[in-house]
Structures are given as structure tokens and as C-alpha cells.
Amino acid sequence: MESNGWRGGVPWSGAVTAERLGAAGERWADGRGPSQPAPKLRRAGPANSERVGPAQWDPRGGPVQRGPRDGWRDAEPEPVDFGEPQVDPRGRRLLFLLLFWFAMAASVELWYLDTPPGSVSGVGAILTAAGRITGMIAGFVLLAQMLLMSRVGWLERWIGAHELLIWHRTMGGYVVVAVLAHVVLIIMGYAVYEQVSVVQESWSMLGAYEDMISALVSTVLLVLIGVMSIRFARKLVPYEVWYALHLTAYLVLLLTYGHQFADGAQLMHQGFGRRYWAVLYFFVIACLVWGRVLRPLRINARHRLRVVKVVEEAPDTVSIYVGGRRLDRLQVRAGQYLRWRFLVRGSWYQAHPFSLSAAPNDEWLRLTVKAVGKHTEDLQYLAPGVRVMIGAPSGVFTAERRVGHRALLIAGGSGIGPIRALLEDLPPGAVIIYRAGSREEIVFQDELEYLARERGARICYVLGSREDPGPKRVFTPRGMRELVPDVYRRDVYLCGPAGLIAAATKTLKRLHLPSRQIHLDPFEF
Ligand SMILES: Cc1cc2nc3c(=O)[nH]c(=O)nc-3n(C[C@H](O)[C@H](O)[C@H](O)COP(=O)(O)OP(=O)(O)OC[C@H]3O[C@@H](n4cnc5c(N)ncnc54)[C@H](O)[C@@H]3O)c2cc1C
């Protein structure tokens, strides 16, 4: 049945009908539904507060349990407003980049205004000037780095959480290089002026200048953070160690502030330069305090979340239903993720990101967790009633980010969670490619097929190993066109393991799909 790599034509789910496509013997499993306008699903809320056993299947593979198991479908349909596709986000990104370069140029300009013409002559003066400029660049990029990770809502909406992460990673290397260049150039410049060795100059600087020890500490910490963020080094330590080291970046910011204002030639005296940098620091610290502390505190005080029930979806995967007060006022959308902290022994100190696996509603939120390590294993045994703290909703993997009216959703592994939620929010006519190793790995089959019927969507299960010819062929331009002939006109939402995202993105690029039509949600930090 699955020997040729495609999910074959046996009706292993009630809604699945087989369709022959492509070469003889190759078939797609296809959950095509009616194309009437999609109704909105009103959810009835979890029926009870207890852990529920695995989903059961009848001999033909159709789901046995219906609405009461998860409470999301036993309600009358009501109309849904899908809204218009959004305005191209590239304009906002460009604006942010312009502001970034302008503010950086203004920061460095202070050195220019403060330097009399002709005063930079001789090796010592040139080295010192270069040291001061690189110091200002390093200080500015460090501030920008902190801003990018401040989790303020406006910035995530402008740029996108994943883009912010990529920018942060890329700029991390530049900060380290700029800081090291600043240290080396300043020491060499002063050593030339004073005609002493570099080692002698280093020692005398540490003693002679205020806040120089703290500058040394912050440089060491920054280099450590930079080195430990290199992909290969990061894999050597547990996530928690890496994260704790990253938290010292706040100390780096504080120490750098002290060093800049105590020793920086352009900042140590009162004047425009000092005020300008003080405003930059104030702005970034205000964003950090709001995005990382005050906003989450406000959300948790308002909603007071608790686990309502835990439902087993597959042997290593559970859905956790979380209830709370005034959930209608929690501004979260299908496709977004939150950082969840479950207040039980052994877990309360860790916040992990998980996406919503059903569109939010007034009564509960749902996340679906696959066990991959200690924390996610512990979550499989959560008891109802456990208090839950969340961070502010993040991510722009949402229906409002689409640029057209039709979507192609590609999911693999636990990536099906946000894709399943998105399906509720997208206009009719979506196509879902669900990639899994075998049929046992598939979760939400009944929900997906119900939604597909209601929303006129089509589900294609692509099963088998990476080496199987079927799955391989889907991720070729020809295979993709065969499966989704109008792929060019669709917004593509991709969520799953890194390998799947890389393969699918490569195929879409080869099909010349514009990048603004490709929306990614890789589960990575
Ligand atoms: C934006 C985003 C959304 C996600 N949504 C889902 C989802 O809906 N369902 C799901 O099953 N998984 C999701 N994940 C993955 C999930 O967060 C990790 O599998 C989980 O944190 C692993 O924790 P662990 O301690 O059990 O495993 P470990 O073995 O300790 O970690 C496995 C890997 O997970 C990452 N990780 C570990 N702890 C954290 C943390 N506190 N914060 C961020 N990353 C961490 C690290 O890269 C680590 O290498 C998502 C990840 C991201 C980044």
C-alpha cells in the first residue's frame, strides 16, 4: 500500500478519498471537502477536567470520538470574517532599517563633531580615533541587539519574531568583532602615544580609568556569549546553560553603560552627545522592561490561567487545555506561540515556547506538546488545576500576514499544531500537505478532516521515510506543481523540522515563489 512512498488509496480515514496523480501507481491521499464558504466553529470548552486516553479509531480508521473529547466542534457554525490580506510588511522593515542606520550614523557623528579638523594625524591618533569609532558602533549595536530581543509587540509586528531572531544572530557576530576591535585599537593607540608596550598600556589603563574593570568584565562576558552562540558550540551545552549565559547580557548592558559614560571621550562631559546616548539607553531599557516584565505580568494578573485537562493525541504527544478569566481579551491569534511556565515542582523555573494548536476562544487555549526531552516528557503528566504563567503572544505566522486569498500549509512533526490552528483562520480552499514518517505519527486526523470538510480544504498526507521516492518527489518543483497546480498564487505556511523547512523552501524558491508569500515557523531559537 505504501511501498511506492505515496499515501495510498485505502480509505484509512472516513474523509479520505484516493486520487490518482502523476505516474502509474503513485497516489495521493486527499481529504478534499465541499467548497462552500467556511463556517466559524464555536467551541464548547473541554467537557471535563481530567486526562483523557488516546484517540480511538474504528477498524476502517475513522475517528470514534467526536466533539466531547476535546470540545471544539459541538457547536453551531457561525460566519467568520477572514479579513483582507495584509499590506506588504517589507515597507515597515525598510523603515526600521533606515531608522537603525540613521541612529547609528548619528551616534558616530558625535565623534566627528567633537574632533577638530587635522587633529587625527600620526599612527597613535589614527588608532585611537578608530578605537573610539568602533567603540561607539559596538555600543550602538549592543543596544540594537537588546531591542531586537525585547519582545515588544510593535517590533514583532513590524519585523516578525523569526526575522528578529535571524537579525539578532547575525548582528551578534558584529558586536563581538566591534568590541574586540575597540579594545585592541584603543590600547594600541594609547601605547603609541605614551611609547610603552601594549602589555604595559593594558595594565596601566585598568588602574587609571574609572569603570575599566567593569568594561573588561563585560567584554569577557560578551565574547563568551558570542562564542557559545555559534551553532556547534551551542550544541555542547544544555539549553538552560546557554540561556543563563545569555541572561548576563543585561549585566553587559549595565557595565557598558557605566564604561561609556565614565570613560567615553564624547560622553563623559555634559552636552548633546551625552543626552543623545542617554535617550537611546532609556528607550531600549523601557522596551525591555515593558516587553519582558510588565506586559507578561499584566497578562497573567488578568487571565489567571490553569490547566483544565490533558488529552493524549499520540503515544508521545499530548494536548494541554488551559482555561482562564477573560480570555476574549487575550490578544492572540491562531499560528502564534507563547512561552508557557507550568508552576509544578521541577518545571516552574522554565518557560518553553509552544504554539497554539487550536484557534483561541473565550474559554480555553490549547497547546500540543511532543515529548523530546525532560521538560516536554514531564508535561505529558500534568494534572488539571496546575497554575500556568505565559509570556505575551509572539510570532507573525498568522492568517493576517497572508498576501493573497489562498494558502498552502505544509506541516511535519509537531509543526502540525500551529498549522491545524491556522486552518481555522484561513479562507476556504486551503491545501494542507502533512508530512509524517508513518500513519501512527499522524495527530489531529479527525479534526483536520472535519475542518477540511467545513472549509473546503484539501489534505494530502505524505507518508514514508526521507528516502522514499514519494515524499522525495513532493519536494521537487514538478511534484509540488502536480500536487498543487496553483502553488504560485498561494501563500505558503511552513512549520516542522528544520530538514522539511529547508527542503520545502528550496523547492518554493526553485518555483520562483516570491519570499513575501512564504511564511515560516521553525521551532528553533
Ligand atoms: C517558536 C516555537 C514554537 C514551538 N512550538 C511547539 C509546539 O507547538 N509543540 C511542540 O511540541 N514543540 C514546540 N516547540 C519546540 C519546544 O519548545 C521544544 O521541543 C521544547 O522546549 C524542548 O524542551 P525539552 O526540555 O523537553 O527538551 P530538550 O531536550 O531540553 O531540548 C530540545 C531542544 O529544544 C530547545 N529548547 C529547550 N528548552 C527550550 C526553551 N526553554 N526555550 C526554547 N527552546 C528550548 C533547544 O533547542 C533544545 O536543543 C516550539 C519551539 C519554538 C521555538
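Two strands pair if DSSP finds at least two bridges between them. Helices (H or I, at least four residues) and strands (E, at least two) are DSSP runs, numbered from the N terminus. Keep both in mind as you look around this predicted model, where local features need pLDDT of at least 70, side-chain atom pairs count only at pLDDT 80 or more, and totals for chains, interfaces and linings use all residues. When you type a selection, residues are numbered from 1 along each chain as its sequence is written.

**The whole protein**

Start with everything on screen: there are 16 helices and 15 strands. Of the 525 residues, 39% count as buried (20 or more other C-beta atoms within 10 Å of the residue's own, with C-beta atoms placed from the backbone). Take the contacts (C-beta atoms, placed from the backbone, within 7 Å) between residues at least 6 apart in sequence: 71% of them join residues at least 24 apart.

**Two crossing helices**

Now select residues 90-114, helix H1, and residues 123-148, helix H2. Their axes come within 9 Å and cross at roughly 145 degrees; axes are lines fitted to C-alpha atoms, for helices over the stretch in contact, and angles run from 0 to 180 degrees between N-to-C directions. Show side chains to see who meets whom: Phe-100, Met-104, Ser-107, Val-108 and Trp-111 of H1 face Arg-132, Ile-133, Met-136, Ile-137, Phe-140 and Ala-144 of H2. Sorted by class, this contact has 9 nonpolar, 1 polar and 1 charged residues. Here Ala, Val, Leu, Ile, Met, Phe, Trp, Tyr, Cys and Pro count as nonpolar, Asp, Glu, Lys and Arg as charged, and the others, Gly among them, as polar.

**An open sheet**

Next, pick out the open sheet of 6 strands, whose order is E8-E7-E10-E5-E6-E9 with antiparallel pairing. E8 and E9 stand at the edges with a single partner strand each, so one side of each has no neighbour in the sheet. On average, neighbouring strands here are turned by 45 degrees against each other, direction ignored. Arg-306 has Arg-387 in E10 as its bridge partner.

**A buried strand**

Move on to residues 491-495, strand E14. Is E14 enclosed or open? Here 5 of the 5 residues are buried, so the strand is largely enclosed by the rest of the structure. Asp-491, Tyr-493 and Cys-495 point one way, while Val-492 and Leu-494 point the other. Strand E11 (407-412) runs parallel to E14 and is joined to it by 5 bridges, with Ala-407 opposite Asp-491. Strand E15 (518-520) also pairs with E14 in the parallel sense, over 3 bridges, and Leu-494 has Leu-520 as its bridge partner there.

**A buried helix**

Select 416-425 for helix H12, where 10 of the 10 residues are buried, so this helix too is largely enclosed by the rest of the structure. Among its buried residues are the charged Arg-420, Glu-424 and Asp-425. What covers them includes E8, E9, E11, strand E12 (431-436), helix H13 (445-455) and E14.

**Around the ligand**

Finish at the ligand, which 21 residues surround (near means a C-beta atom, placed from the backbone, within 6 Å). The closest are Gly-373, His-375, Thr-376, Ser-414 and Phe-523. Strands E8 (352-355) and E9 (364-370) and helix H11 (374-379) each supply at least two residues of this shell, which divides into 9 nonpolar, 9 polar and 3 charged.

Conventions: Two residues are in contact if their C-beta atoms, placed from the backbone, lie within 7 Å. A residue is buried if 20 or more other C-beta atoms lie within 10 Å of its own, exposed if 12 or fewer, and partly exposed in between; C-beta atoms are placed from the backbone.
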